[in-house]
Amino acid sequence: QVQLVESGGGLVQAGGSLRLSCAASGRIFSINTMGWYRQATGNQRELVAETSGSGNIDYADSVKGRFTISRDDAKNTVSLQMNNLQPEDTAVYYCNAEIMMAQDGSTWHGWGQGTLVTVSS
């Protein structure tokens, strides 16, 4: 199948920056969508940023102008550069992807294990 492995979380002070990375491996023919969601304690999981195979990018309003998503299909990776982090950005960040595993259209949709981002005030 497919695996998503995230890296790059940690503790940072307000106003600081972090970069998250996610690498997909396994049966990959092509990648449809790839992006990042987050879940703070007591909250539902929410979209942070996502890219489509056609190049469309969506950002949550709360991160526009501060976060930048980038994707490298040659390496099957997606990254999230997070600048000017604020305490309200504290959450577990999850990589999400929809991947076509073969030319017959068989598709995998799943999540990484999550990486914790903690922003102190």
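Which residues does Gln-1 touch, leaving out those up to four places away in sequence? The list is Ser-25, Gly-26, Arg-27, Met-101 and Trp-108. Keep in mind that this is a predicted model.

**The start of the chain**

- Gln-1 sits in the segment before β1.
- Is Gln-1 buried or exposed? Its relative accessibility is 63%, and anything over 50% counts as exposed, so Gln-1 is exposed.
- Along the chain, Gln-1 and Ile-28 are 27 residues apart, and their C-alpha atoms are separated by 8.5 Å.

**An open sheet of four strands**

- If you trace this sheet from strand to strand, the order is β1-β3-β8-β7, with antiparallel pairing.
- At the edges you'll find β1 and β7, each of which pairs on one side only.
- Ignoring direction, neighbouring strands here are turned by 15° against each other on average.
- As a quick reminder, strands of a sheet pair through backbone hydrogen bonds, and the pairing can be parallel or antiparallel.
- Take β3 and β8: they run antiparallel and are joined by six bridges.

**The largest nonpolar core**

- This core holds 29 residues, and the members that touch the most others are Met-34, Trp-36, Leu-80, Met-82 and Tyr-93.
- At least two core residues come from each of β1 (2-7), β3 (18-26), β4 (30-39), β5 (46-51), β7 (67-72), β8 (77-82), β9 (91-100) and β11 (115-120).
- Which strand gives the largest share of this core? That's β9, with five residues.

**The disulfide**

- How many disulfides are there? The count is one.
- That disulfide pairs Cys-22 with Cys-95, and the two sulfur atoms are 2.1 Å apart.
- Cys-22 belongs to strand β3 and Cys-95 to strand β9, so the bond ties together parts that are 73 residues apart in sequence.
- The torsion about the S-S bond is about -80°, which means this disulfide is left-handed.
- Both ends are tucked away: Cys-22 is buried at 1% relative accessible area, and Cys-95 is buried at 0%.

**Asn-96, a buried polar residue**

- Asn-96 lies in strand β9.
- Why does Asn-96 count as buried? Because its relative accessible area is 2%, and buried means under 20%.
- What does its side chain do there?
- Beyond its neighbours within four places in sequence, Asn-96 is in contact with Leu-4, Thr-33, Met-34, Gly-35, Tyr-37, Glu-50, His-109, Gly-110 and Trp-111.

Key:
Residues numbered from 1 in each chain as written. Predicted model: local features only at pLDDT ≥ 70, side-chain atom pairs only at ≥ 80, totals over all residues. Heavy atoms only, no water. Core = buried A, V, L, I, M, F, W, Y, C linked by side-chain atoms within 4.5 Å. Buried < 20%, exposed > 50% of the residue type's maximum accessible area, 1.4 Å probe, protein only. Contact = heavy atoms within 4.5 Å. Pairing = 2+ DSSP bridges. Axes fitted to C-alpha atoms, helices over the stretch in contact; angles between N-to-C directions. Disulfide = S-S within 2.5 Å.
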